[in-house]
Amino acid sequence: MDVLEAIYTRRSVRRFTGEPVSDQDLEAVLKAGFHAPSAHNLQPWDFIVIKNKEKFEQIAKAHTYAKMLPKAEICILLCGDTNKQQMTGFLIEDCSAAMENMLLAAHGIGLGAVWCGLYPVTELTDAMRQICFIPDHIIPVGMMVLGHKGEEKKAAERYDTTKLHYEEW
Ligand SMILES: Cc1cc2nc3c(=O)[nH]c(=O)nc-3n(C[C@H](O)[C@H](O)[C@H](O)COP(=O)(O)O)c2cc1C
């Protein structure tokens, strides 16, 4: 899929078929995350790949807006390393760029995915710390819920010229 087509047609997918995701597809998605830009090129991210259904249930129990997780195949927990990037703003932006790259990659190869937010909701980051044994210097920034699409969504029209400013506000 052409890059602009992927960007313009990507939508959050919250229903999945249950068909397994191949290791090759998983690697393609992860690799896209690693190719994101980052402040000072610090690449301050780590990725926890979760496939265990019991963990899915634990996470879905803790996260009101991740109830689709048990029906998905893979959860990629995107973490930011505060030892590598001390400025939290940059750390979150870097991880967000990685997350968006992964969402686009998933869509580009025909998979469905949704970004489930964690940071800065302390109850959610704490729950993920506990479930995945995450050390203190690592921030669980967000999760990608991934699988084969069980729903098709139309592209959204969001281009809004009233939000465009030229030269000044
Ligand atoms: C930071 C962030 C957190 C999000 N958290 C959730 C979430 O917890 N659960 C969920 O179903 N969708 C979540 N989403 C997905 C948004 O709801 C979705 O991107 C938005 O409604 C636009 O729809 P689209 O992705 O289909 O274009 C999140 C998106 C972002 C960027």
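Cys-79 has Pro-140 in strand 4 as its bridge partner. That pair belongs to the contact between strand 2 (residues 74-81) and strand 4, which run antiparallel and are joined by eight bridges. The model described here is predicted. The points below cover the sheet, the helices packed on it, the ligand shell and some local backbone features.

- Four strands make up an open sheet, with antiparallel pairing and the order 1-2-4-3.
- Strand 1 and strand 3 are the edge strands; each has a single partner strand, so one side of each has no neighbour in the sheet.
- From one strand to the next, the twist averages 25 degrees.
- In general, the strands of a sheet pair through backbone hydrogen bonds, either parallel or antiparallel.

**Helices on the sheet**

- Helix 4 (residues 88-108) packs on the sheet and touches strand 1, strand 2, strand 3 and strand 4.
- The direction of helix 4 makes about 5 degrees with that of strand 4.
- Helix 5 lies across strand 1, strand 2 and strand 4, and runs at about 75 degrees to strand 4.

**Helix 4 in detail**

- The 21 residues of helix 4 should span 30 Å at 1.5 Å a residue, and this agrees with its end C-alpha atoms, which are 30 Å apart.
- Buried residues of helix 4 include Leu-91, Asp-94, Cys-95, Ala-98, Met-99 and Met-102.
- Leu-103, Ala-105, Ala-106 and His-107 are also among the buried residues of helix 4.
- An α-helix has 3.6 residues a turn, so residues three or four places apart point the same way.
- The buried residues of helix 4 pack against helix 1 (3-9), helix 2, strand 1, strand 2, strand 3 and strand 4.
- Gly-110 follows helix 4 and has a positive phi, near 90 degrees.

**The ligand shell**

- Residues surrounding the ligand include Arg-11, Ser-12, Arg-14, Tyr-65 and Ala-66.
- Val-114, Trp-115, Cys-116, Gly-117 and Ala-156 are also among the residues around the ligand.
- By type, the shell around the ligand divides into six nonpolar, two polar and two charged residues.

**Backbone features in loops**

- Most residues other than glycine have a negative phi, and most peptide bonds are trans.
- Asn-41 has a positive phi, near 50 degrees, although it is a residue other than glycine.
- Asn-41 sits in the loop between helix 2 (23-34) and strand 1 (45-50).
- Asn-41 counts as exposed because it has 8 C-beta neighbours inside 10 Å.
- Phe-133 is a residue other than glycine with a positive phi, near 55 degrees.
- The loop between helix 5 and strand 4 (138-148) holds Phe-133.
- Phe-133 has 8 C-beta neighbours inside 10 Å and therefore counts as exposed.
- Tyr-119 and Pro-120 are joined by a cis peptide bond, with omega about 10 degrees.
- Pro-120 is in the loop between strand 3 (111-117) and helix 5 (122-132).

- Glu-54 is part of helix 3 (residues 53-62).
- Glu-54 is exposed, because 9 other C-beta atoms lie within 10 Å, and the cut-off for exposed is 12 or fewer.
- Glu-54 and Gln-43 are eleven residues apart along the chain, and their C-alpha atoms are separated by 30 Å.

Methods:
Residues are numbered from 1 along each chain as its sequence is written. This is a predicted model: local features need pLDDT of at least 70, side-chain atom pairs count only at pLDDT 80 or more; totals for chains, interfaces and linings use all residues. Helices (H or I, at least four residues) and strands (E, at least two) are DSSP runs, numbered from the N terminus. A residue is buried if 20 or more other C-beta atoms lie within 10 Å of its own, exposed if 12 or fewer, and partly exposed in between; C-beta atoms are placed from the backbone. Two strands pair if DSSP finds at least two bridges between them. Axes are lines fitted to C-alpha atoms, for helices over the stretch in contact, and angles run from 0 to 180 degrees between N-to-C directions. Two residues are in contact if their C-beta atoms, placed from the backbone, lie within 7 Å. A residue is near a molecule or strand if its C-beta atom, placed from the backbone, lies within 6 Å of it. Ala, Val, Leu, Ile, Met, Phe, Trp, Tyr, Cys and Pro count as nonpolar, Asp, Glu, Lys and Arg as charged, and the others, Gly among them, as polar. The expected span of a helix is 1.5 Å times one less than its number of residues.
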